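Please look through the sequence and the model shown here before reading on. The notes that follow are arranged by topic, for a reader who is new to this structure.

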Amino acid sequence: MTRRDRAWAAATALAILAFFVITLRPDVGGTEDSPKFQFIGRVLGTSHSPGYPFYSLVTYVFGFLPIGNLAYRINLFSAVCGALACACVYLTARRLGVTRLLSVAAATASATSYPLWSNSVTAEVYALGAFLSALSILLVIGFGQTGQVWRLYAGCAAWAC
């Protein structure tokens, strides 16, 4: 990965994050489990089986940001995870030899797909899952191309989270 590719990935992620923030749910509520996920990290609790312990831990930390109310901050966490997932899509496409323009298109298509968008604008575990899955794929492909074992271990760790 070149420095230019990382800059393009960051710019793409920031543009996608702006899109997610513009459409972000500003308060408590949402479908199904979203209201529960908006506060579960604050009390370091579990929602329901399987409990999502990693989600609870990272939203606990993210919940201390000094912006908006708690529900907004946790919704914002989903937006950040969704944008990071799209950055991983861009980087994976570049690693596979796709042009920059088409890599941006792939990341943008991911961001504007209903499943990723809808789970990136409210508190849900799926945006974090998308990010960790995309990161795992990126790292394992990197391992396959470079043979650097740390990439395999990091990919397995991301998948385990």
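Is Val121 buried or exposed, and at what relative accessibility? With a relative accessibility of 8%, Val121 counts as buried, where buried means under 20% relative accessible area, exposed over 50% and partly exposed in between, with a 1.4 Å probe and protein chains only. This is a predicted model, in which local features need pLDDT of at least 70 and side-chain atom pairs count only at pLDDT 80 or more, while totals for chains, interfaces and linings use all residues. Residues are numbered from 1 along each chain as its sequence is written, and side-chain values use heavy atoms, with hydrogens and water left out.

- Val121 lies in the loop between helix 6 (114-120) and helix 7, helices being DSSP runs of H or I with at least four residues, numbered from the N terminus.
- Not counting residues up to four places away in sequence, Val121 touches Phe20, Thr23, Leu24, Arg25 and Asn75, where contact means heavy atoms within 4.5 Å.
- The C-alpha atoms of Val121 and Thr92 are separated by 24 Å, the two residues being 29 apart along the chain.
- Ser34 belongs to helix 2 (residues 34-37), and Ser34 counts as buried because its relative accessibility is 0%.
- Between the C-alpha atoms of Ser34 and Ala123, which are 89 residues apart along the chain, the separation is 5.0 Å.
- Ser34 is in contact with Gly29, Thr122, Ala123 and Glu124, leaving aside its neighbours within four places in sequence.

**The largest nonpolar core**

- The largest nonpolar core has 33 residues, and those with the most contacts inside it are Ile16, Tyr55, Leu128 and Phe131; such a core is a set of buried Ala, Val, Leu, Ile, Met, Phe, Trp, Tyr and Cys residues joined through side-chain atoms within 4.5 Å.
- Two or more residues of this core come from each of helix 1 (3-22), helix 3 (53-62), helix 4 (70-95), helix 5 (100-112) and helix 7 (126-146), and helix 4 gives the most, with 11 residues.
- Phe131 is in contact with Cys81, Leu84, Ala85 and Cys88, once its neighbours within four places in sequence are left aside.

**How the helices pack**

- Helix 4 and helix 7 pack at an angle of about 25°, with their axes 8 Å apart, the axes being lines fitted to C-alpha atoms over the stretch in contact and the angles running from 0 to 180 degrees between N-to-C directions.
- Helix 4 and helix 7 are therefore roughly parallel to each other, given that angles under 35 degrees count as roughly parallel, over 145 as roughly antiparallel, 65 to 115 as roughly perpendicular and the rest as oblique.
- Helix 7 and helix 8 (residues 149-160) pack at about 165° with their axes 8 Å apart, and this pair is therefore roughly antiparallel.
- The axes of helix 3 and helix 4 come within 9 Å and cross at roughly 115°.
- In this contact, Tyr55, Val58, Thr59 and Phe62 of helix 3 meet Arg73, Ile74, Leu76, Phe77 and Val80 of helix 4, and the residues divide into seven nonpolar, one polar and one charged; Ala, Val, Leu, Ile, Met, Phe, Trp, Tyr, Cys and Pro count as nonpolar, Asp, Glu, Lys and Arg as charged, and the others, Gly among them, as polar.
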